[in-house]
Amino acid sequence: MQSEAVARNETETTQPGLSVASVSLIPLVEGALWWPEERTLVVADLHLEKGSSFARRGQMLPPYDTMATLQRLAAILARLSPSRVIALGDSFHDRSAGDRLNAADRASLRAMTAAAEWIWIAGNHDPDPPRGLGGWATSELSIGPLTFRHEPRPGAQPGEIAGHLHPSARLVGRGRSIRRRCFAADGRRLVLPAFGALAGGLNVLDAAFRPLFEGRAFHAWMLGDAVHAIAGHRLVDG
């Protein structure tokens with residue numbers, strides 16, 4: 001895939017092209033966001049225990065989504081050693097997801113929340129994150145010029161970092177169609193992809209994104225072998 005800018009996950013140097021409210025940020029290939037100046041890692045929409053939630057309603061999905069999501073997250077923490085982690089809401093798929101965590105996943109999560117300051121942002125799936133897992137909860141959080149919340153707000157001041165919409169992007173070229181989860185950013189705001197193993201994605205050209213970005217004046221930072229910044233005008237529906 002040809003890219004206009006590439007940010008690789010193995011570096012912590014500032015990458016050109018992705019900044020929000022003049023703050024330089026690094027999108028990681030795993031779908032997390034790294035703010036090196038603040039040693040802060042940001043993830044969105046883990047949707048832990050989504051598989052068990054569907055199973056209770058008779059739709060059987062592989063029951064390993066929580067383990068897979070936590071293993072990917074733990075690997076990033078081991079590599080970057082952040083001092084702060086911000087989880088942008090919908091970290092748990094429903095209000096009782098914490099009760100369904102098995103012992104190993106619960107222990108893994110508690111170890112992660114003990115290793116850094118951990119902030120749970122309230123989401124629509126988990127307005128009250130489970131107790132007993134460490135960290136602290138809030139509806140939104142401002143650090144310097146950036147504001148972290150679950151759901152992006154039309155007309156928000158520059159500096160908004162949000163999740164909720166599970167952005168993905170599709171690119172067609174040379175007889176191939178590629179669809180990937182992505183970050184969506186225009187310099188004023190950034191919407192993170194869903195990090196959860198079963199979370200899925202919504203095309204950034206969907207009507208849900210139109211109140212957030214002016215036309216196609218944004219980039220989709222598509223996940224793949226690296227993170228590829230693709231101008232909005234190059235994207236297609238689907």
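Predicted model: local features only at pLDDT ≥ 70, side-chain atom pairs only at ≥ 80, totals over all residues.
Entry 1: I started with the strand order. Six strands form an open sheet, and reading across I get S4-S5-S6-S7-S8-S9, with mixed pairing. I then looked up the edges: strand S4 (26-27) and strand S9 (136-138) each have a single partner strand, so one side of each is left without a neighbour in the sheet.

**Entry 2: S5 and S6.** Strand S5 (residues 33-35) and strand S6 (residues 40-43) run antiparallel, and three bridges join them. I noted that Trp-34 stands opposite Leu-41 in S6. Then I asked what packs on the sheet here, and found helix H2 (residues 65-80), which touches S5, S6, strand S7 (84-87) and strand S8 (117-121). The direction of H2 makes about 165 degrees with that of S6.

**Entry 3: the loop.** Between S5 and S6 there is a loop, and Glu-38 sits in it. Is Glu-38 buried, partly exposed or exposed? I have it as partly exposed, because its relative accessible area is 28%, between the 20% and 50% cut-offs.

**Entry 4: who meets Glu-38?** Leaving aside neighbours within four places in sequence, I find Glu-38 in contact with Ser-83, Arg-84 and Ile-143. I followed up on Arg-84: Glu-38 and Arg-84 are 46 residues apart in sequence, while their C-alpha atoms are 8.0 Å apart in space. The side chains of Glu-38 and Arg-84 are joined by a polar contact of 3.4 Å.

Methods. Residues numbered from 1 in each chain as written. Heavy atoms only, no water. Pairing = 2+ DSSP bridges. Helix = DSSP H or I, 4+ residues; strand = E, 2+ residues; numbered from the N terminus. Contact = heavy atoms within 4.5 Å. Axes fitted to C-alpha atoms, helices over the stretch in contact; angles between N-to-C directions. Buried < 20%, exposed > 50% of the residue type's maximum accessible area, 1.4 Å probe, protein only. Polar contact = N/O pair within 3.5 Å; in protein donor to acceptor, adjacent residues only side chain to side chain.
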